[in-house]
Amino acid sequence: MNLIEDCLKKVRKDCYRFIKSQETSSEKFKNKDKMLKAYLVPMSFWIAKKTNYKRPYIVGLTGGQGTGKTTISSILMIILKKYFKFNVFKISIDDIYKTKNDRIKLSKKIHPLLKTRGVPGTHDINHMLNFIKKINSKKFKLTRLPKFNKAIDDRFSKNIWYKVNSRPDIVIFEGWCVGAKPESQKTLNKAVNLMEKNDDKKLIWRKYVNNQLKKEYKELYSKLDCLLFLRAQNFRLLQKWRITQEKKLKVKTKSSKAKQKIMTKKEVLNFMQTYQRITQNMFKNAPKYASIVLKLNSNHQINSVKYN
């Protein structure tokens, strides 16, 4: 039995259990074994080989909305913990969104579109920078990190925040704009959708967002040891997948008050316009600098993996 087979035998049950928790009656995962054997188990070996115990190895995982970042990162975490016995901590850039009140203040100060969570500038990245500093220090102390509740568009209360008791060997940091790079002034000038054309005529919003990528976010992304990129075929597919994601959220949300905050199809499409510019820029550029590129087909499955 080779190492891949041995690993698969030991992690399959836990991976399948997690995958089942993500399914709904109408949305089932296909080709689970192929995804694990051909792609995610070998990728875990690649990460494990690069990990050492001198300092935490920080994995960035990125891809457009609805590409399966949470699913892929969770499965990688299961494999790295169960088979390789690493201490793994996983967090999404979504968890460090600014509070609703802070985004309202930002929208009044800079531009109304900054009230909408998502783009660089709407996160409190100091949470992540401070966390990375702490895990690299010799004297690690228990630390907490926020958790964000999308159903209410605000943070969970502090008693539900992540509690990191010991220094992780591996940190998986996932998010739609993780590793994104700024674009040129020339491309900023042209609106990519109706929202930009109508609501950002003076380019204030997109220039502000782009400047965040040049400064604070550049500093944060420089801390990544590798970047995995989930590449969808086009933005239209992402819209379809994100609508499906919202439907799943509605099924899993029990609170009637929280359900009222879940977006309709029209709201999702409007919401995603704020993501379009950076997402399309990453379609074009991320494959050039990502450590691993995972191509997704139209059925939401990994079609191929390229190691750079």
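Me: Which residues line the largest cavity?
Reply: Lys181, Pro182, Glu183, Leu188, Arg206, Val209, Asn210, Leu213, Arg277, Ile278 and Asn281. A cavity here is a set of points, on a 1 Å grid over the protein atoms alone, where a 1.4 Å probe fits but cannot get out, and lining residues have an atom within 4 Å of a point.

Me: What is the model, and how is it numbered?
Reply: This is a predicted model, where local features need pLDDT of at least 70, side-chain atom pairs count only at pLDDT 80 or more, and totals for chains, interfaces and linings use all residues. Residues are numbered from 1 along each chain as its sequence is written, and side-chain values use heavy atoms, with hydrogens and water left out.

Me: Back to that cavity, what volume does it have?
Reply: The largest cavity has about 60 Å³, volume being the space filled by probe spheres set on the points, which are joined across faces, edges and corners.

Me: Which helices supply at least two residues of its lining?
Reply: H8 (204-214) and H12 (265-289) each do; helices are DSSP runs of H or I, at least four residues, numbered from the N terminus. H8 gives the largest share, four residues.

Me: How many cavities of 30 Å³ or more are there?
Reply: Three. The second largest cavity holds about 40 Å³, and its lining is Gly63, Gly64, Trp176, Phe229, Thr279, Met282 and Phe283.

Key: 1 Å grid on protein atoms, 1.4 Å probe; cavity = no way out; pocket = protein on both sides within 12 Å on 5 of 7 lines; lining within 4 Å.
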